[in-house]
Amino acid sequence: MDAVRFKAEVFCWKNLLYRLALRLLNNAPEAEDAVQHIMMKMWQKRDELDDIENLKGFVIRALQNDCLNRLKKEQTIVQHHGQFAKTQSLSTEVSQGNMVELIKGAINKLPEKQRITIHLCDVEGFDTKEIADILDIDEGAVRTNLSRARQKIKMQIIKLQEYEERKV
Amino acid sequence: MKSGKYSELLDKFYAGTASAEEISLLQSEALVDEQDILYAEMLKEERGQKMDWEFEDFMKGIPSDKVKTFPARRVWMKRILAAAAMLAIIGAAYILWPLPQTDKMANVPPSNKTAEPNKELRATAVLPADEIEDASPATEKVKTASKKNRDAVVNTDKKRPVQKSIRQADTTGVSNNSNSPEYLVIVNGQPITDEADAIAITRESLGMISQNLTLTVDELKPIREIKIKL
């Protein structure tokens, strides 16, 4: 695979990968680093990429694994939890203006599978079959995860709105 | 049929591609509420996130695939140097190595394996009287290289001026010997007139020398084991 093909078939997914990494890592510089790392790895394996059937899914899965490895590292985990704590502390200052940020925080609180599923489906527009291929689960599980995730976020939004009304 | 249509509309709503009419239709059917609209707003914002990274920057960061060619290692030079060093060592060993033993030395009786430490043996060649006087006072201690025989000293009447006289003796010795056949060898100042005794003493002394040489050679053998790494 030459540079032109690499750009058209792999590098074009950089924004998608960045958003997913940001969703998983909740840290913009770390997400950028993860994407760059994956791109570099893909470039090194560019000759083997021709044999891969679902290249997009392969790259997304590689990034997911990389992000999870990063999260395993103690420092990243501490940072990650620290940011969650920060988000939670900010939740006391609910306003309509930062409601979007709070919803993001609510998504970040979801279990990993649900978080990835909701992100790939609602943000990136993947259908259930594609998500099932990427996550290596069946479509029914994808639908269940998606439904539960949406329900939880909805409940969170309702809670936040109720809190806001009480405050007013 | 209707539910399938709403399902498509919901997918469009979450994908952010639904029109205002479609959203109002979903709201009227109670499929979408205020929370969903807020969530859709968040999704729209999420989709706007992009990574500021161009392909050219990525390519610049990639290390070159070209195989770096280093100058050919000068192995041949090292080999030549090693061979030269070996030749030098062999040459030095050949020059400095003791002379091969004669058959006479090989016949030395085994009882005389080491030279006795304090034994002084004066073997004086048959010389004219005046030359013997020159040579008699000075003795030169010849030490062997062997540690075992460090104490073993063979004193001979050999002295540099004596060497000159020996040479003279070589040239003139036949006539001198023929002129004065009273004694053949002087040992510790005592002339040995008996030919058999003289031969025995000479053999003994030569045997001691050869023994010392043999020991020296044995001590020098480890030189062969020396390895030189360059």
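Modeller: Along its sequence, chain B runs α-α-α-α-α-α-α-β-β-α-β-β-α, which amounts to nine helices and four strands. Please keep in mind that this is a predicted model.

Colleague: What share of chain B counts as buried?
Modeller: The figure is 14% of the 230 residues of chain B. As for contacts in chain B between residues at least 6 apart in sequence, 66% of them join residues at least 24 apart.

Colleague: Where in chain B does UniProt place the feature "transmembrane region"?
Modeller: The unreviewed UniProt entry puts that feature at residues 80–97 of chain B. In the model, this span is 94% helix and 0% strand, with its end C-alpha atoms 25 Å apart.

Colleague: Why are α7(A) and α9(A) called roughly perpendicular?
Modeller: Their axes cross at roughly 90°, and angles of 65 to 115 degrees count as roughly perpendicular. That is why the term applies to α7(A) and α9(A). The two axes also come within 8 Å.

Colleague: Which residues make the contact between α7(A) and α9(A)?
Modeller: From α7(A) there are Lys113(A), Gln114(A), Thr117(A), Ile118(A) and Cys121(A). α9(A) answers with Val142(A), Asn145(A), Leu146(A), Arg148(A), Ala149(A) and Arg150(A). Sorted by class, the contact of α7(A) with α9(A) has five nonpolar, three polar and three charged residues.

Colleague: What makes up the largest nonpolar core?
Modeller: That core has 49 residues, and Leu17(A), Ala21(A), Val35(A), Leu63(A) and Ile103(A) have the most contacts inside it. Helix α2 of chain A, residues 14–25, contributes the largest share of this core, eight residues.

Colleague: Which residues is Leu63(A) in contact with, leaving aside its neighbours within four places in sequence?
Modeller: Its partners are Leu17(A), Leu20(A), Ala21(A), Ala34(A), Val35(A) and Ile38(A). To count as a contact, the C-beta atoms of a pair must lie within 7 Å.

Colleague: How many residues of chain A are in contact with chain B?
Modeller: There are 23 in chain A, and they meet 19 residues of chain B. On the side of chain A that touches chain B, α2(A) gives the most, with five residues. By class, this side of chain A has 14 nonpolar, two polar and seven charged residues.

Methods:
Residues numbered from 1 in each chain as written. Chains lettered and ligands numbered in written order. Predicted model: local features only at pLDDT ≥ 70, side-chain atom pairs only at ≥ 80, totals over all residues. UniProt positions renumbered as here; feature names shortened; annotations may be inferred. Helix = DSSP H or I, 4+ residues; strand = E, 2+ residues; numbered from the N terminus. Core = buried A, V, L, I, M, F, W, Y, C linked by C-beta atoms within 7 Å. Buried ≥ 20, exposed ≤ 12 C-beta atoms within 10 Å, placed from the backbone. Contact = placed C-beta atoms within 7 Å. Nonpolar A, V, L, I, M, F, W, Y, C, P; charged D, E, K, R; others polar. Axes fitted to C-alpha atoms, helices over the stretch in contact; angles between N-to-C directions. Parallel < 35°, antiparallel > 145°, perpendicular 65-115°, else oblique.
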